[in-house]
Amino acid sequence: MDIKTLGKLTKWMETTDLEEITWKGNGEKISLKISNYPQQGQMLPGSSLVAVNSPSIGVFRFAPAGKSNLVKEGSPVKKGQELGVVEVGKEYKPVLSPENGSVKIMSVEDGKTVEYGQPLFFIEPR
Amino acid sequence: MSLFRKVLIANRGEIAVRVMRTLREMGIRSVAVYSEADRASMHVREADEAVCIGPGPSRESYLNMQAVLAAARLTGAEAVHPGYGFLSENAEFSRACAKAGIVFIGPSADSIEQLGHKAMARKIAVKGGVPVTPGTKGCVEKGAWVKEAAAIGYPVMIKAAAGGGGKGIRIVREESQLKHEAEMASSEAQAAFGNGEIYFEKFIDCPRHVEVQFARDSHGNAVAFPERDCSVQRRHQKLIEESPSPAVDKALRARLAEAAIKLAHTAQYVGVGTVEFLMDKDCNFYFMEVNTRLQVEHPVTENITRTDLVKEQILIAAGEKISISPSRALNFEGHSIEHRINAEDFSRNFAPTVGRVEEWSVPGGPGVRLDTHIYQGYQLPIYYDSMLAKLIIWAPDRRQAIARSRRALGEFRVSGVSTTVDVHKLVLDHPDFVSGSVDTGFMARMLEPKVPAEPAAAAK
């Protein structure tokens, strides 16, 4: 499948309720999937703050073992910057900042159990 | 071993609520896991604790072993009840639980593997002296197709070794179709299950689906319950189940129970399970498959034997003995019928419907049990199966049970989504069902001429 068709397909998919499609043919297989990362960048009503939600159930750590992370309330953060990780089994799932800005509220502590979709940080976008 | 203090239910919907009820009666705390789409679901409300484990699609929540196990560890649950569907017959999950030091309430990973593989299960049945349909000893290689099919005699059924739920089954009536159908079956099985192995069986025309619930504990005690008849099915999906079967007498029942117990012992099975049989018109029964989980239709057995199968599962998983004797298990009273009420539009070929349940007014009164997770105002998520409720009737005999079913279905008032309530009424009014002479082709025959011609008949 060429990029043009793929682009069209992606556009079309956004207009539907589909979450995932798989296309097979001519020895090719293409799967398209809407991201299931919990809804990010949601503004809180009546506030300019943006919540950063946990990507998984697990244990929250500011950094994987042996690494450090100095993020604290007031720290400036960049879009895509790792704010921490959620440890599930032997895996670490990154918690990424959805916006450029600064950390306004930290609603989690190191070592705390978190659920999927639970707000961990609130970012003041810049 | 003492009983558990806390059990996690790795499921949703009515079965999660059903399991929690027993846990509460046993004084065990329950933990629900749920997906983002199920925040407002009944099982979340009914549990003592609930944790969100992922987004709506099952693969990332209810089928996500790592997330389920993390939830068990983080909440301190000692055991996991898998319900039916999802991870309930997943050997890898049973093994992962054991590795994590969490008890899987179900059989061992080895048992699930052996009995979930149809050809292997068949071998166990043969070893245990349980009658099987004439068929190939194991999987058939391409070169042997014609010879093997001829030895069995047409019509022949092609089945996928790793299949289930009626998927991958093909019927061949003459040799000229064999090569094409077998190739299709094999490539379908490869695509669906990642395993293209197939085997052949004699096709039995107009069989009844009769199954036997059994339980065996780690001390080697085994019991079998009176048979369930699940012949009313559409495209291999059961609609109505009843117990006892109108086609089975006391002597046959004893033979069915004996076969189930033999199978349980031969497989060294520990847990609650079901062996499914096909029964021909002359009441010969043949082993079909084993379900290594609690089944949707388990309440009809509970109804007529006054038992709690979830409780037996928990006792067995905790290393205790089954709480009832073999003769007590087979001793029953009355008749029970279960109706699966689905959110499907039967005028549109049973297409699933979604939406908000605007009105949910349910039947009650004597002999009526309703297992459901639906409430008024509930928004049906798009991700999961379409079952809304199981209406389970008990009455002193079959005739009265049918009358009670009819009465209860008439009390069911649902709006906002389409349901299959009216289909059940049609079945109850059908002379073949009333006389107890249905086979697995009954639904197809009943629906074929009627649905396109007079859709208004359903609205009555």
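Chain B of this predicted model contains 16 helices and 21 strands, where helices (H or I, at least four residues) and strands (E, at least two) are DSSP runs numbered from the N terminus. Residues are numbered from 1 along each chain as its sequence is written, and chains are lettered from A and ligands numbered from 1 in the order in which they are written. Local features need pLDDT of at least 70 and side-chain atom pairs count only at pLDDT 80 or more, whereas totals for chains, interfaces and linings use all residues; side-chain values use heavy atoms, with hydrogens and water left out.

The C-alpha atoms of chain B occupy a box of roughly 60 × 55 × 45 Å along the principal axes. Of the 460 residues in chain B, 58% are buried, buried meaning under 20% relative accessible area, exposed over 50%, and partly exposed in between (1.4 Å probe, protein chains only). Chain B exposes about 18,200 Å², of which carbon and sulfur atoms supply 50%; accessible areas come from the Shrake-Rupley method with a 1.4 Å probe, and for residues only the protein chains shown count as cover. Among contacts (heavy atoms within 4.5 Å) in chain B between residues at least 6 apart in sequence, 66% join residues at least 24 apart.

An open sheet of five strands in chain B has the order E3-E2-E1-E4-E5, with parallel pairing; two strands pair if DSSP finds at least two bridges between them. Its edges are strand E3 (49-54) and strand E5 (103-104) of chain B, each of which pairs on one side only. E4(B) and E5(B) run parallel and are joined by two bridges, and Val80(B) has Phe104(B) in E5(B) as its bridge partner.

E5 of chain B also takes part in the packing of helix H5 (residues 109-116). The buried residues of this helix are Ala109(B), Ser111(B), Ile112(B) and Leu115(B). Seen down the axis of H5(B), they fall within an arc of 165° and therefore line one face of the helix, the arc being that of the directions from the helix axis to the C-beta atoms. These buried residues pack against helix H4 (91-99), E5, helix H6 (118-127) and strand E14 (285-291) of chain B.

Antiparallel pairing is found around strand E12 (residues 237-243) of chain B. Six of the seven residues of E12(B) are buried, so this strand is largely enclosed by the rest of the structure. Strand E11 (residues 228-234) of chain B pairs with E12(B) in the antiparallel sense over four bridges, with Asp229(B) opposite Glu242(B). The two strands form a hairpin with two residues between them, and Arg235(B) in the turn has a positive phi of about 50°. E12(B) is also joined by four bridges to strand E15 (residues 335-342) of chain B, and these strands run antiparallel; there, Glu241(B) has Glu338(B) as its bridge partner.

Arg5(B) lies in the segment before strand E1 (6-9) of chain B and Glu78(B) in the loop between helix H3 (65-75) and strand E4 (79-81) of chain B, so the pair ties together parts that are 73 residues apart in sequence. Arg5(B) is exposed, at 64% relative accessible area, while Glu78(B) is partly exposed, at 22%.

A second salt bridge joins Asp429(B) to Arg406(B), the closest N and O atoms being 3.1 Å apart. Asp429(B) belongs to helix H14 (residues 421-429) of chain B and Arg406(B) to helix H13 (residues 398-411) of chain B, so parts 23 residues apart in sequence are tied together. Arg406(B) is partly exposed, with a relative accessibility of 36%. Lys425(B) forms a further salt bridge with Asp422(B), at 3.5 Å between the closest N and O atoms. These two residues are three apart in helix H14 of chain B and are separated by about one helical turn. Both Lys425(B), at 24% relative accessible area, and Asp422(B), at 22%, are partly exposed. Elsewhere, salt bridges that share partners join Glu211(B), Arg228(B), Lys238(B), Glu241(B), Glu276(B), Glu297(B) and Arg340(B) into one network.

Key. Salt bridge = Lys/Arg side-chain N within 4 Å of Asp/Glu carboxyl O.
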